[in-house]
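Here is a friendly briefing to read alongside your model. Please keep the structure open while you go through the points.

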Amino acid sequence: MKTIEQIKLEQPIFYQTIYNEFKQNKRNHAYLIEGHDAYQYAEFLVKSLLCQDELLCCNRCRICQQVSENSYIDMIHYNGKEEPIKKGAIEAIQSKLLKTSVEGHGKIYVIESIENSTPEAINSLLKILEEPVEGIYAVFTCENINRVLPTIVSRCQIFRLKPLNMGLMKDNLIEQGTTEEKANILTHISSSSVQMLELSKNDSFNDLIIEALNFIEDYYFKKENLALNVQTNLLKKFKDRDSIALFLDLIVLGFKDVLNKNNHIDQIFCDHDFILNCQDEDEALIEKIENILTIKNDLSYNANIALIIDRLVYSI
Ligand SMILES: [Zn+2]
C-alpha cells in the first residue's frame, strides 16, 4: 500500500488530476491506468472513490482498510496476469453489480492486466461500459495501452504512469519545496521513495548533513581539528549505528563532490562553494571513498561506534 505522500512524489500528475477532479466532484465511471505496478495506484484510486472520510483516500477508515485487504464487499477484483479474464468473470461482475450495494458507498470492479482478456470477455465488458450506472466504477490496469482494444480505451479516463526514477522524484521534491541541495543528497542516499520521504522530514538528518559538511571542511582546511570536532559534535549527538551509517554515506558524497569538481561534474552539495577549493587527486579520492565504504561495511557487525569513527579519522 502506498501512502498519499508517496503517490504525490512518484506520480504527481496522476495525483493532482484526481485531486482536482474530485474537488470539483467529478468522478468517471471507468479508469484505465497504464504502467508497471499500476495496481498500487489503482488501489489509491479505488479507495479515493469509496472513502467517506476524506476527499481522496484516508488509508485509515474501515472502507480503505477493507480495500487494502481486498475484502470490501462491493468490490470485485480480477487479475488478468494470474489467468486470462473470461466471459464468465464479466458476467459475474454484471450480476453482482445489478444487485443493490451492500455497503451503499459505491460498487467497484477492478481488472488488472486487462489486456489479458478473451475477445468474448471484452465484448461483454463493453456492454457494461456503454451503459454506465451511477455509483458503479470500473478501474482497469494494463502494462501496455497499445494492447488494449481502442473501444475499451475510449470509454475510460486514461492515466499513463511514468517509470519511476530518482531524477523525476528529485524534481518532484524540489517542486514540493525541498532545496536543490537536499533533493540532490536525498537522490543519492535513498534507496526508495519511502526512504526519501522519511529522510526529507527527519530533522536529525539535517544535522547529519551539517556534520558531514563540517567533516569535509575540517579535513581539507583544519585537519588538526578533525578528531576533536568529531568527538565533541558528531559522537555527542549521534550514537546509533543507522545515523553513523548515514553520516558515512554523506561524507562519501562530500568526497565524491571533490572528485566531481575535478572532473567538471555538477556538485551534489551545490550550496557549499568551499568544496570548489578542496584540493585532492582523483586517485587519492577514490581510495578515501573505498576506505569509507569498507568502514561502513564493518559498522554493521562492529558495535563500537567510537572505534569505528577513530578508524575513519586516522585512515583517510
Ligand atoms: Zn478512508
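In this predicted model, Met-166, Lys-170, Leu-173 and Ile-174 of helix H8 touch Glu-180, Ala-183, Asn-184, Leu-186 and Thr-187 of helix H9, where contact means heavy atoms within 4.5 Å. The residues of this H8 and H9 contact split into five nonpolar, two polar and two charged. In that sorting, Ala, Val, Leu, Ile, Met, Phe, Trp, Tyr, Cys and Pro count as nonpolar, Asp, Glu, Lys and Arg as charged, and the others, Gly among them, as polar.

Residues are numbered from 1 along each chain as its sequence is written, and side-chain values use heavy atoms, leaving out hydrogens and water. Because this is a predicted model, local features need pLDDT of at least 70 and side-chain atom pairs count only at pLDDT 80 or more, while totals for chains, interfaces and linings use all residues. Helices (H or I, at least four residues) and strands (E, at least two) are DSSP runs, numbered from the N terminus.

**Helix packing**

- Helix H8 (residues 166-175) packs against H9 at an angle of about 150°, with the axes 9 Å apart; axes are lines fitted to C-alpha atoms, for helices over the stretch in contact, and angles run from 0 to 180 degrees between N-to-C directions.
- H8 and H9 are therefore roughly antiparallel (under 35 degrees counts as roughly parallel, over 145 as roughly antiparallel, 65 to 115 as roughly perpendicular and the rest as oblique).
- On the H9 side, Ile-185, His-188 and Ile-189 meet Leu-246, Asp-249, Leu-250 and Leu-253 of H13.
- The residues of the H9 and H13 contact divide into five nonpolar, one polar and one charged.

**Aromatic pairs**

- The model has 12 aromatic pairs, counted when ring centres of Phe, Tyr and Trp (its six-membered ring) lie within 6.5 Å; planes under 30 degrees apart are stacked, over 60 edge-to-face and the rest tilted.
- Phe-14 and Phe-44 form a tilted pair, 6.0 Å centre to centre with 55° between the planes.
- Phe-14 sits in helix H2 (residues 12-23) and Phe-44 in helix H3 (residues 38-50), so this pair ties together parts 30 residues apart in sequence.
- Phe-14 and Phe-44 are both buried (buried is under 20% relative accessible area, exposed over 50%, partly exposed in between, with a 1.4 Å probe and protein chains only).
- Phe-14 and Phe-159 have ring centres 4.9 Å apart and planes at 85°, so they are edge-to-face.
- Ring pairs join Phe-14, Tyr-15, Tyr-19, Tyr-31, Tyr-41, Phe-44 and Phe-159 into a cluster.

**Positive phi in loops**

- Asn-70 has phi near 65°, a positive value in a residue other than glycine.
- Asn-70 lies in the loop between helix H4 (62-68) and strand E2 (75-79), and is partly exposed at 44% relative accessible area.
- Ser-113 has phi near 50°, likewise positive in a residue other than glycine.
- Ser-113 belongs to the loop between strand E3 (107-112) and helix H6 (119-130), and counts as buried at 7% relative accessibility.
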